[in-house]
Amino acid sequence: MELTVNGKKRTVTDGATITTLLEELQINPLRVAVQFNQQIIKRELYERTPLHDGDTLEIITFMAGGS
Amino acid sequence: MVSESGVEHNVIENGGTLKFGGREFRSRLIVGTGKFPDYQTMQQAHEASGAEMVTVAVRRVNLDRTQESLLDFIDTARYALLPNTAGCYSAEEAIRTAMLAREVGLSDMVKLEVIGDQRTLFPDNEELLKATRALVKEGFVVLPYTNDDPIMAKKLEDAGAAVVMPLAAPIGSGLGIRNPYNIRIILEAAQVPIIVDAGVGTASDAAIAMELGCDGVLMNTAIACAKDPVAMATAMRHAMIAGRSAYLAGRIPKKLYASASSPLEGMIE
């Protein structure tokens, strides 16, 4: 299935969850927040959030910046 | 640190602590994390500045993983994180960014920016006020970046802002405090801490902010883009202490004519 992650198309295997996606992307879940189809998802729900074809995810973190 | 006299050095240096939103800081300086030549220099500059709070941007994770993570260079046990909504042009965008930032789980504070214009980066105060109200309701500790406008500062305070952050001059301009009289009026009316945010160019600008009676200063470019960021961070630390001390000491009034400091009696004839 195909997702949009941070504005880019990405193919993942069926049965993927937010947790498996983060693992695949080598992202530490403790340093990010995830918006899934316009909704902010609590960290404890990553494992229980299955991904479907056409889903849109935004994975954000803290970056260098002042104003 | 406690000296022989039993007085805390840092507290004396900074003239009491900076308190808001249930937090207390010994340093009155908040430093940014952007524009440094590299993360090592940033880390050293943070250390040299004496700051206990740093501001960070909220952005998409870089999926290419070619960059190092900023968070590897900030000891979050030592520095409080102040996520900002830089780059947001509407209340909606800023609220969404703040909500995501809080979800990272490292801070419920937000340096709230709603920008109105790309060239000046001046705030859109109408949207800012809207976002402040919404985020206060959501339980955030809100630090809005605003103009040096006393009416707006009061409105933000009434909306529940924990701190109000008027600009000294446009972001990154280094022009220093353009309107010290407005800052004074803001300070006179304020019931919450006033932290000057943006426009500081060099140490004297920070000292002037503190001499006026501001509760703190937030800066990024002045340190990060100085020829020697670590040396400038040190200068800023001293400027903050000097300015705060001078404010507490109470300056002499300005006068038009001279007033001799040596006695007029006992002159040799």
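A salt bridge is taken here as a side-chain nitrogen of Lys or Arg within 4 Å of a carboxyl oxygen of Asp or Glu. In this predicted model, 11 such salt bridges are found over all chains.

A:Arg31 forms a salt bridge with B:Asp72, and their closest N and O atoms lie 2.8 Å apart. The pair crosses between chains: A:Arg31 sits in the loop between α1 (18-24) and β3 (33-36) of chain A, while B:Asp72 belongs to the loop between β4 (53-60) and β5 (80-84) of chain B.

Within chain B, a salt bridge connects B:Arg78 and B:Glu47, with 3.1 Å between the closest N and O atoms. This pair links distant parts of the chain, the two residues being 31 residues apart. B:Arg78 lies in the loop between β4 and β5 of chain B, and B:Glu47 in helix α2 (residues 39-49) of chain B. The relative accessibility of B:Arg78 is 40%, so this residue counts as partly exposed. B:Glu47, at 48%, is likewise partly exposed.

Helix α2 of chain B also holds B:Thr41. With a relative accessible area of 14%, B:Thr41 falls under the 20% limit and is therefore buried. Which residues is B:Thr41 in contact with, leaving aside its neighbours within four places in sequence? The partners are B:Phe36, B:Pro229 and B:Val230.

B:Glu127 pairs with B:Lys130, the closest N and O atoms being 2.8 Å apart. Both residues lie in helix α4 (residues 125-137) of chain B, where three residues, about one turn of the helix, separate them. Is B:Glu127 buried or exposed? At 16% relative accessibility, B:Glu127 counts as buried, because buried means under 20%. Elsewhere in chain B, salt bridges that share partners bring B:Lys111, B:Glu113 and B:Asp197 together in one network.

Notes: Residues are numbered from 1 along each chain as its sequence is written. Chains are lettered from A and ligands numbered from 1 in the order in which they are written. This is a predicted model: local features need pLDDT of at least 70, side-chain atom pairs count only at pLDDT 80 or more; totals for chains, interfaces and linings use all residues. Side-chain values use heavy atoms; hydrogens and water are left out. Helices (H or I, at least four residues) and strands (E, at least two) are DSSP runs, numbered from the N terminus. Buried means under 20% relative accessible area, exposed over 50%, partly exposed in between (1.4 Å probe, protein chains only). Contact means heavy atoms within 4.5 Å.
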